[in-house]
Amino acid sequence: MANIPSDLKYAKSHEWVRLAGDVATVGITDHAQHELTDVVFVELPALGRKVKAGESCAVVESVKTASDIYSPVSGEVTDVNKGVVDNPALANTEPYSGGWFFKLKLSNPAELNGLLGPDQYRAQITGA
Amino acid sequence: MLSAGKRVNAGMKRTPLFDAHQRLGGRLIEFGGWEMPVQYTSIVDEHLAVRNAAGLFDISHMGEIFVRGPGAEAYLNHSLTNDARKLAVGQGQYTLMCNERGGVIDDLYVYRLGPDEYLLIVNASRIEEDTAWLEGQLTTFPRREATRLQNASDTTGAVALQGPRVAGFIDQCFPGVSVAGTPVKEASELKKNQIAKFDFPGTQVWVSRTGYTGEDGFEIVAPAGSIEALWNHLLSIGQPQGLKPAGLGARDTLRTEVCYPLYGHELDEDTTPLEAGLGFFVALDKDDFVGRPVLAEQKAKGVAKKLVALKMTGKSAPPRPHYPVWSSGAHIGQVVSGTQSPSLGTGIGLAYVPPEFAKPQTPLEIEIRGNRAPAVVVPKPIYRKAD
């Protein structure tokens, strides 16, 4: 059963958001990494890039395919995780901690209300 | 009794092992019209199992075509590029089927099972094309009365057992001496490319020392109704030795590492065996065969494009099919196969480039999502076992 931490918000496209003030940390969910299996490469957005909610801004590559990662919310990229770039397997082993992707300074915090809560995301991935 | 042949469902065909794949947790995808497992646990896991221990692949989707009769050898020598006269009974060879332009219709293995009996193992995605083309060739073959073609793909299945540990338990899988083909006291005596028939409960199976992974191993051809029993039998004997089921994902990473072509990528009807670096399997010194004039000219004058192996040299995403290849500021070709190599931990691939860029150590750039990442031409195979 996929791990879905209760303190996070989720996008339908399988990214998670952890909020601290007006800074959001973004990564891919346990369900997403399980579907991808072996992550071999992660490409993250440049610092300072402004992204809109739903915009493709990162790429995760598994052995067989490249998958786009969509920013769940709008904002400016303030930090990227060098650790997951150096060790892509962290996206599989620690999707919610060591495998985080990037941080955004939110430009429109109201967008958070449009994200899924843990129960809603669980319902989506179990097809309930 | 329900049919034990290959079943058709919702447009996709299924092999006799479909239920087994589901029980093993196989992730099923569409491949060449077939519903096949791309992986069971993970591609990297299964790939490394084959390199270090043993892996078992369902290859029942591939095609089996029998060619029989006193005219068979001459017919095959006219229809295929390699020299079938070299085949002793119980021997196989890699060969290609070309059209009049020298373009590849399919790459395949041909085995001589008996004095006048041959078995062709062809790609799953090309069974219909190959059969139609072979039948067409037969209508104009002078000794067609002495030659019979039979597409047995629907009633025949196959599995591939690959890895360094396989030779250590294959004899337990098929105890006893061979009953046809190469005469051997036990299966592990078969040399590379040799094939022999062995008894198996309720039937007999053909066992060849061949494979598509770059590891030692065997491929086993059996009637479709016996494939599930065969699969379970091999797993029960092999699992204590580390045998794991392996899917098409690992099959692709394994063959890419050793630069084996995959039809539709390195080979197609507009590409010749010489461009693909397979001249060794084109016998220009035998009698005329389809495509010979074009291939002989290409051999004399040179090819316009060459298949090269490449490795990424920086930290980058892996190359993928269709990615553009650049060198010296010009767009010179494209990638046909590419992946992150599980054995090497870096991106690897195969690409077509003009001959002047084909030498090992030539620097290349692969365009990945609009940015060019550095790579280099390397000799084939890209992965080689340490001695």
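Trainee: Let's start with chain A. What order do the 3 strands of its open sheet take?

Mentor: The order is 4-6-7, with antiparallel pairing. Strands are DSSP E runs of at least two residues, helices are H or I runs of at least four, and both are numbered from the N terminus. Two strands pair if DSSP finds at least two bridges between them.

Trainee: Before we go on, what sort of model is this?

Mentor: This is a predicted model: local features need pLDDT of at least 70, side-chain atom pairs count only at pLDDT 80 or more, and totals for chains, interfaces and linings use all residues. Residues are numbered from 1 along each chain as its sequence is written, while chains are lettered from A and ligands numbered from 1 in the order in which they are written.

Trainee: How many bridges join strand 6 to strand 7 of chain A?

Mentor: 5, between strand 6 (residues 56-62) and strand 7, which run antiparallel. V59(A) has D68(A) in strand 7 as its bridge partner.

Trainee: On to chain B. How many helices and strands?

Mentor: Chain B has 8 helices and 22 strands. Its radius of gyration is 21 Å, close to the 21 Å that the globule rule gives for 387 residues, so chain B is as compact as a globular protein of that length. That radius is taken over C-alpha atoms, and the rule is 2.2 Å times the number of residues to the power 0.38.

Trainee: What share of chain B is buried?

Mentor: 50% of the 387 residues. Buried means 20 or more other C-beta atoms within 10 Å of the residue's own, exposed means 12 or fewer, and partly exposed is in between, with C-beta atoms placed from the backbone.

Trainee: What's the strand order in the 5-stranded open sheet of chain B?

Mentor: It is 7-8-9-6-10, with antiparallel pairing. Strand 7 (91-98) and strand 10 (148-151) of chain B are the edges. The twist averages 25° from one strand to the next.

Trainee: Which helix packs on the sheet at about 130° to strand 6?

Mentor: Helix 3 (residues 72-79) of chain B, touching strand 6, strand 7, strand 8 (104-114) and strand 9. Angles run from 0 to 180 degrees between N-to-C directions, and axes are lines fitted to C-alpha atoms, for helices over the stretch in contact. Residues are in contact if their C-beta atoms, placed from the backbone, lie within 7 Å. Helix 4 (residues 127-139) of chain B runs at about 15° to strand 6 of chain B.

Trainee: Where are the domains of chain B?

Mentor: Domain 1 is 7-59 + 155-256 and domain 2 is 304-381. The bounds come from an automatic or database domain assignment. Each domain gives 8 residues to the contact. On the domain 1 side, helix 2 of chain B supplies the largest share, 4 residues.

Trainee: And how many residues of chain B are in contact with chain A?

Mentor: 13 residues of chain B, against 10 of chain A. On the chain B side, helix 2 (43-52), helix 7 (248-257) and strand 19 (330-340) each supply at least two residues.

How values were computed. Two residues are in contact if their C-beta atoms, placed from the backbone, lie within 7 Å.
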